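Subject: Structure handover

Hello,

Here is the structure I promised to pass on. Please open it first, then read the notes below.

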Amino acid sequence: MKKNPTGYLLYEGPSAMDTSVPIAVIANCITNKSDNGKTGDMAQSFIIRTDMKPNEAVKSKQDHCVCGGCPYAGNNGCYVSIKMVCSVYAAYKRGSYKRVTPQELAPILVESVNTKRIAGLRCGSYGDPAAAPFEVWEPLVSAVREVGGKTSGYTHQWTDRYAYMGRTADPRFRQILMASSHNSVDAVLANADGWRAFTVFDALDDLQRSGMAMCPASKEAGFRRTCGTCGGQSA
Ligand code: SF4
C-alpha cells in the first residue's frame, strides 16, 4: 500500500519580514491526527527559517523573520513547543516532505475534511503566516472553508505598532487571518482597519470590562472546545 507523505513542503523563499532570510512553509497532520490539544484535529503548518535550527534562532533572537513582531518571539514566552518545531526542521533537512503547490495540496486537505480525518487547517502552528506570500495560504483556506472546514491563523503584522520593522502584512491577509491584539484598544483599531481581532488579555478583569467573549478553546475557558469544533467564526 502506498504510504502518505509525513508532510508537504509548500514554500521556499524569502521571508516577507526580512527578505535576506530564507524560510519554508511545511504542512502536516493532514491525513493523520495532530497532538495539538487546543486546535484538535486541525492540519498543522509551520513557518521555519531554513538556514538555522529553530531553537538556535529563538535563543539568538533571530526568529523575527518567521515570527515578525510577536512579543513572545526571541525566547520571550512563546507557548509553542520548540522541540516539535525542531523535529519539523530536521525532517525538512532530511528531505522528508513532499514538495507541492498550494493548488495541489488543496484537494488533499478537502479530502481529509470530507472524510472527517481533520476539522480544518491551522495556518501558523509555529510562526506568523504573513511571513510567507498570501498566495501560499489563500488556495488552502478557501478550499477548506468551501467544504465547511475550519481555519485559524493570527498575525501581529496587521499594524506597524507590532509589525517587525514596520513591515505590515499584505492587506489581503484580512480575508484569512485574525489580527493578534493585546487589549481592547488594539481590537477596536484592528476592527476599524478591516481586521477581525483575537485579543489576549493580561487579566480576566480586562476581558470582563471589554465586553468581549472568551475563546472557548483557551485554558482560561477550561478548554471547552477545540478550534476545530468551535461554532464561532474562526479566522
Ligand atoms: S508568532 Fe507564534 S510561534 Fe512565533 S513567538 Fe509568537 S506565538 Fe510563538
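Start with Gly 7. Leaving aside residues up to four places away in sequence, Gly 7 touches Ala 27, Asn 28, Tyr 97 and Lys 98. Contact here means heavy atoms within 4.5 Å. Gly 7 sits in strand E1, residues 7-14. Helices (H or I, at least four residues) and strands (E, at least two) are DSSP runs, numbered from the N terminus. Gly 7 is buried, at a relative accessible area of 0%. The cut-offs are under 20% relative accessible area for buried, over 50% for exposed, and partly exposed in between (1.4 Å probe, protein chains only). Gly 7 and Ser 96 lie 89 residues apart in sequence, yet 7.5 Å apart in space, C-alpha to C-alpha.

A word on the source. This is a predicted model, in which local features need pLDDT of at least 70 and side-chain atom pairs count only at pLDDT 80 or more, while totals for chains, interfaces and linings use all residues. Residues are numbered from 1 along each chain as its sequence is written, and side-chain values use heavy atoms, with hydrogens and water left out.

Now the overall picture. The protein has 7 helices and 8 strands. Of its 235 residues, 51% are buried. Among contacts with a separation of 6 or more, 64% join residues 24 or more positions apart.

Next, a helix pair. Helix H4 (residues 102-114) packs on helix H5 (residues 134-146) at an angle of about 25°, and their axes are 9 Å apart. Axes are lines fitted to C-alpha atoms, for helices over the stretch in contact, and angles run from 0 to 180 degrees between N-to-C directions. H4 and H5 are therefore roughly parallel to each other. That term covers angles under 35 degrees; over 145 is roughly antiparallel, 65 to 115 roughly perpendicular, and the rest oblique.

Which residues of H4 and H5 meet? From H4 come Pro 102, Gln 103, Leu 105, Ala 106, Leu 109, Val 110 and Val 113. From H5 come Glu 135, Val 136, Pro 139, Leu 140, Ala 143 and Val 144. The residues of this contact divide into 11 nonpolar, 1 polar and 1 charged. Ala, Val, Leu, Ile, Met, Phe, Trp, Tyr, Cys and Pro count as nonpolar, Asp, Glu, Lys and Arg as charged, and the others, Gly among them, as polar.

On to the rings. A search of the whole structure finds 3 aromatic pairs. Rings of Phe, Tyr and Trp (its six-membered ring) pair if their centres lie within 6.5 Å; planes under 30 degrees apart are stacked, over 60 edge-to-face, and the rest tilted. One of the pairs is Phe 134 with Phe 173: the centres are 5.5 Å apart and the planes at 85°, so this pair is edge-to-face. Phe 134 is in helix H5, and Phe 173 is in the loop between strand E6 (150-155) and strand E7 (178-181), 39 residues apart. Both Phe 134 and Phe 173 are buried. Another pair is Trp 158 with Tyr 162: centres 6.3 Å apart and planes at 55°, so this pair is tilted. Trp 158 is buried at 7%, and Tyr 162 is buried at 15%.

Cys 29 is not a glycine, yet has a positive phi of about 55°. Cys 29 lies in the loop between strand E2 (22-28) and strand E3 (42-49). Lys 61, also not a glycine, has a positive phi of about 55°. Lys 61 is in the loop between helix H1 (54-59) and helix H2 (64-67). Buried or exposed? Cys 29 is buried at 15% relative accessibility, whereas Lys 61 is exposed at 55%.

Best wishes
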